[in-house]
Structure formats: structure tokens, C-alpha cells
Amino acid sequence: MDPVYQALAEQMQQGEAAALATIIEVKGSAPREVGARMLIHPLGRHVGTVGGGCGEAEAIRAALDVMATGQPRIVTVDLTEEVSLQSSGVCGGIVRIFIERWPREEEAVLSSLLATIAARVETALITVVATPPPLAQALGRHVVLRPEQAPVGALELGEQEAKILADAQVALAERQHRLLRYQTPTGPLEVFVEVQRRPPHLVIVGAGHVAQPLAQIASLCDFRVTVLDDRPQFAHPARFPTADQVLAAPLRATMRQWMQEGHIDADTYLVLVTRGHEHDVECLLEVLNAPAAYIGMIGSQRRVRAVFQLLSQEQGIAPEKFDRIHAPIGLDIGARTPAEIAVCIMAEIILVYRGRGTGAPLAESRRARS
């Protein structure tokens, strides 16, 4: 469950004032990304963050005004000031934050959003963030949009609404937040589409010493976590308190069943770290053609190379089939301990999940420009 929206619903039910701050646009470098949210409470019981520092302080000040007036507004935080020892915001970017007090008459829309998030259904929250004066009644209105279902809520934008819903469906299909801009006869209109993706699902095959810290780190990174092992004494919930599911079942047969039933999809990240390399290879053969976003297998360079050559010769598997397998698993950070190995695995998974970055030290780009 999303903690910010859950806290918003609870405070609305209790009749408490609170303001929701959402980053709708970022230009340049900023401490938080588009879509980051924060629930601002008048007594400081905030949930989430939009970046901390002076920018967040500015958002909190504006939120107090929004809570008092009920009028949504956009705050622009400029982090491009010259660098000095006294500078408090020097990331180099400009951030626009929409701040609103959720209308009580739209509680049903919020409930629908929470229900779809809880059901792990991809959805989009559409919010009107800027309007020309004739459409002022639509400012802060919301719609929850789900694939192949009727929208929940109304934007009150008349003939513009159908076009906006169609554009929002595109953003939902592409799984990307989007700030939509339209030019109406009476002035500019802006609508923010916040896409709630299904949480990525990390499947850890093998419940040994690396699996434990990996499950903890993945949970901290908001991954849904399943741990599978054929040894009940290892695949036990007490050893994996942060995992969503811990299964004691045959490894290869379970992998085969999951493939047949479609449980492994484009949001699945598979990590093969069993107690023996023969088990890793057996599971790999079952999932080699899976539509998973990531398949990683532990092992040394020498062992992995030998295994792939053997499978090509004995199983007739084309060598290029192995190109998508992350093996040896993880980024090279010199990891030695189980916790360090878990960090290097999770770092590579995040690199794949975000689809950006190089995995190189960030300082290298600075040195290259010096």
C-alpha cells in the first residue's frame, strides 16, 4: 500500500487537514524525481518527501496556505543558484510541485486509487494542475484510470476531457508519468498523469546466506519479494520477515509451473542463488525463455562460461540465448560478504529496472569534465 495515499485517506477519515505535494516536472538535476509525493501535516506529521532542504521547506510553507484556503497551487523551486558554502539548494535544476488539499467530495476517487494499488493493478491518477480562468472549477480535480475499465471521477473539463483521457491511456500503457499541456481558446491547461506501476517482483530462488540480506534490501527498495527453496528449514518466514511470500517447494518443478501459469512476466526479476550450481542450471533451463525483466545467476566467470558452453553443446541451446542472462550476477564492487554480494546484485537489478545509468562511479563524469 502506498504510504502517502494511505496516510491521506486516514487523515481525511479523521477530519484532519493535510496537503498533498507532488512533483510534476523537473528540469535539470534535482533531489527527487517526477511523481515523488509528500503528505504535509500542519503539526509536522509528514509522510514522504519531495527532496528535503530549502525546497521542501518552501513546499511546506505553501502547503499551510493551501490547507487554510483550500486553493491548489504550483510551487516552483529553483535549485540553480551559484554554489557557495552558504548555498542550501545547488542541485542545478528547477522543480515544479503541485500542492493540493484533496477535495472531500472525491473520497471515492481516492478509495478507488488505494484499491487498485492494493490489488497491484496498474493505474493512472489524472490531476488537473493548471487551468485558464474559465476552467477554474476543474483545478485539483482527479480521475483514476485503469486499463479497459471506465474512469472513476470526472475532471469537469467539458469537450477537452475525452482527449485528456486518451492521452492519459497512452501514458499508462507506456508506464511513464507525464505532464500534459493543452492550449485552449481561453489559455493554457496542464494535467499531470501519475502512473502507478505494479511493483517489481523479485523472485529469489535459494534461501541461503545471500538470499537473506537480498530480500531485506529489495523490500526497502519497494520490490515485492518471493523466496523459494526446497528445504523447509531454510524457506521459513522467520528467516525472511520482510518477504511477501516464502515457499518451500521443489525448485525446478515450481519454476516450470510458474512458467506454464504465467506467473513470470515483464515485472519479474529472477535471482538464482541456490545451494548448488546444478540447481541454478536446472532452474535456468526452465526460465531461459521467460519474459522476465531480469534473470541473474550466481557463479564465477570461469564456472559460468563453462556451464554455458556445456549447455550449448549438450542441450543444443544457441549461445546468444545466454546473452540476456546476468551471470556472473551483480555489479563489480569487490563484494565479498553475503551482505555485500546482496548489495551488488540489487544494484544491477535497479540499473535494469530504471533503464538508465551506466553502473560507473558518478565521480567519473566530473573527472572527465575537469
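Strand S7 (residues 142-145) is covered on both of its faces in this predicted model. His142 and Val144 lie on one side of S7, Val143 and Leu145 lie on the other, and all of these residues are buried.

Strand S6 (residues 123-130) is joined to S7 by four bridges, and the two run antiparallel. Here Leu125 is found opposite Val144 in S7. S7 is also joined to S8, by two bridges and again in the antiparallel sense. In this pairing Val144 faces Val152 of S8. A hairpin is formed by S7 and S8, with six residues between the two strands. Within the turn, Glu148 has a positive phi of about 60°.

Stepping back, these strands belong to an open sheet of five strands in the order S8-S7-S6-S10-S9, with antiparallel pairing. Its edges are strand S8 (152-153) and strand S9 (178-184), each of which pairs on one side only. Arg178 is placed opposite Val193 in S10.

Five of the five residues of S14 are buried, so the strand is largely enclosed by the rest of the structure. Thr268, Leu270 and Leu272 point one way from S14, while Tyr269 and Val271 point the other way. Strand S11 (residues 201-205) pairs with S14 in the parallel sense over five bridges, and Val203 stands across from Leu270 in S14. S14 is likewise joined to strand S15 (residues 294-297), by four bridges and with the strands running parallel. In that pairing Val271 is set opposite Gly296 of S15.

Turning to the helices, the axes of helix H1 (residues 3-13) and helix H3 (residues 107-118) come within 10 Å and cross at roughly 145°. The crossing of H1 past H3 is left-handed. From H1, the residues Tyr5, Gln6, Leu8, Ala9 and Met12 take part in the contact. They meet Glu107, Leu110, Leu113, Leu114 and Ile117 of H3. By class, this contact of H1 with H3 brings together eight nonpolar residues, one polar residue and one charged residue.

Thr254 counts as buried because its relative accessibility is 7%, against a cut-off of under 20%. Leaving aside neighbours within four places in sequence, Thr254 is in contact with Leu228 and Ala249.

These elements sit within a protein that has ten helices and 16 strands. Its C-alpha atoms fill a box of roughly 70 × 55 × 40 Å along the principal axes. Of the 370 residues, 46% count as buried. Among contacts with a separation of 6 or more, 56% come from residues 24 or more positions apart. The accessible surface of the protein comes to about 18,300 Å², and 51% of that area belongs to carbon and sulfur atoms.

Terms used: Residues are numbered from 1 along each chain as its sequence is written. This is a predicted model: local features need pLDDT of at least 70, side-chain atom pairs count only at pLDDT 80 or more; totals for chains, interfaces and linings use all residues. Side-chain values use heavy atoms; hydrogens and water are left out. Axes are lines fitted to C-alpha atoms, for helices over the stretch in contact, and angles run from 0 to 180 degrees between N-to-C directions. A crossing is left-handed if the near helix is turned anticlockwise from the far one by less than a right angle, and right-handed if clockwise. Contact means heavy atoms within 4.5 Å. Ala, Val, Leu, Ile, Met, Phe, Trp, Tyr, Cys and Pro count as nonpolar, Asp, Glu, Lys and Arg as charged, and the others, Gly among them, as polar. Two strands pair if DSSP finds at least two bridges between them. Buried means under 20% relative accessible area, exposed over 50%, partly exposed in between (1.4 Å probe, protein chains only). Accessible areas come from the Shrake-Rupley method with a 1.4 Å probe; for residues, only the protein chains shown count as cover.
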